[in-house]
Amino acid sequence: MRAGALDADGHMLSWVSYPHHGAPGQFHFVADAAGKALSMAQLKWRDVVGMGVVVAALVDASAGVVVLSANLGWHNLPLAMELHRSLGVPVVVEVDVNAS
């Protein structure tokens with residue numbers, strides 16, 4: 001699990017990297033990691049204009065849904081909607097090979 005905070009020009013302000021410890025189907029660790037990166041950059045969620053999540057999975061990016069991620073135990077998870085609902089920021093979900 002890696003998360004970073006970037007400024008409006010795309011410069012990395014902070015980042016964290018550690019193994020995720022989520023049970024299959026859980027996704028709270030995504031928001032937790034992003035929150036840690038924000039804290040390290042001395043930012044709050046109110047400072048965030050958007051969040052991008054990149055996953056090694058089969059993703060329906062237009063819907064923000066992780067169709068299948070075997071290693072995370074995610075099946076048809078509306079990740080963008082769930083994170084947006086809990087964090088209050090726009091969220092984009094993309095497959096890792098397209099985001100690199």
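This is a predicted model: local features need pLDDT of at least 70, side-chain atom pairs count only at pLDDT 80 or more; totals for chains, interfaces and linings use all residues.

Me: OK, helix 1. Is L38 buried or exposed?

Reply: L38 sits in helix 1, which runs over residues 28–40. L38 counts as buried because its relative accessible area is 9%, and the cut-off for buried is under 20%.

Me: What is L38 in contact with, leaving aside its neighbours within four places in sequence?

Reply: The contacts of L38 are A5, S14, L43, K44, W45 and V48. A3 is 35 residues away from L38 along the chain, and the C-alpha atoms of the two are separated by 9.0 Å.

Me: Then H28, where is that?

Reply: H28 is also part of helix 1. With a relative accessible area of 42%, H28 is partly exposed. Its C-alpha atom is separated by 9.7 Å from that of S86, a residue 58 places apart from H28 along the chain.

Me: Change of topic. How many aromatic pairs does the count come to?

Reply: The count comes to 1 aromatic pair. That pair is F29 with W74, and it is stacked, at 6.2 Å centre to centre with 25 degrees between the planes.

Me: Why does the pair tie together parts that are apart in sequence?

Reply: F29 lies in helix 1 and W74 in strand 6 (residues 74–77), so the pair links parts that are 45 residues apart in sequence. Both F29 and W74 are buried.

Me: Now helix 2. Which of its residues are buried?

Reply: Helix 2 covers residues 79–87, and its buried residues are L79, A80, L83 and L87. They span an arc of only 95 degrees around the axis, so they are on the same side of helix 2.

Me: What do the buried residues of helix 2 pack against?

Reply: They pack against helix 1, strand 3, strand 5 (65–69), strand 6 and strand 7 (91–95).

Me: And which residue follows helix 2?

Reply: G88 does, and its phi is positive, near 80 degrees.

Me: Which residues other than glycine have a positive phi? I had Q42 on my list.

Reply: Q42 is one of them, with phi near 60 degrees. Q42 is in the loop between helix 1 and strand 3. With a relative accessible area of 75%, Q42 is exposed. N76 is another residue other than glycine with a positive phi, near 50 degrees.

Me: Where is N76 found, and is it buried or exposed?

Reply: N76 is found in strand 6. N76 is exposed because its relative accessible area is 55%, where the cut-off for exposed is over 50%.

Me: Last one, P78. Where is its place?

Reply: P78 is in the loop between strand 6 and helix 2. P78 is partly exposed, with a relative accessible area of 25%.

Me: What is P78 in contact with, leaving aside its neighbours within four places in sequence?

Reply: P78 is in contact with G64 and V65. The C-alpha atoms of P78 and A56 are separated by 15 Å, and the two residues are 22 residues apart along the chain.

Methods:
Residues are numbered from 1 along each chain as its sequence is written. Side-chain values use heavy atoms; hydrogens and water are left out. Helices (H or I, at least four residues) and strands (E, at least two) are DSSP runs, numbered from the N terminus. Buried means under 20% relative accessible area, exposed over 50%, partly exposed in between (1.4 Å probe, protein chains only). Contact means heavy atoms within 4.5 Å. Rings of Phe, Tyr and Trp (its six-membered ring) pair if their centres lie within 6.5 Å; planes under 30 degrees apart count as stacked, over 60 as edge-to-face and the rest as tilted. The arc is that of the directions from the helix axis to the C-beta atoms.
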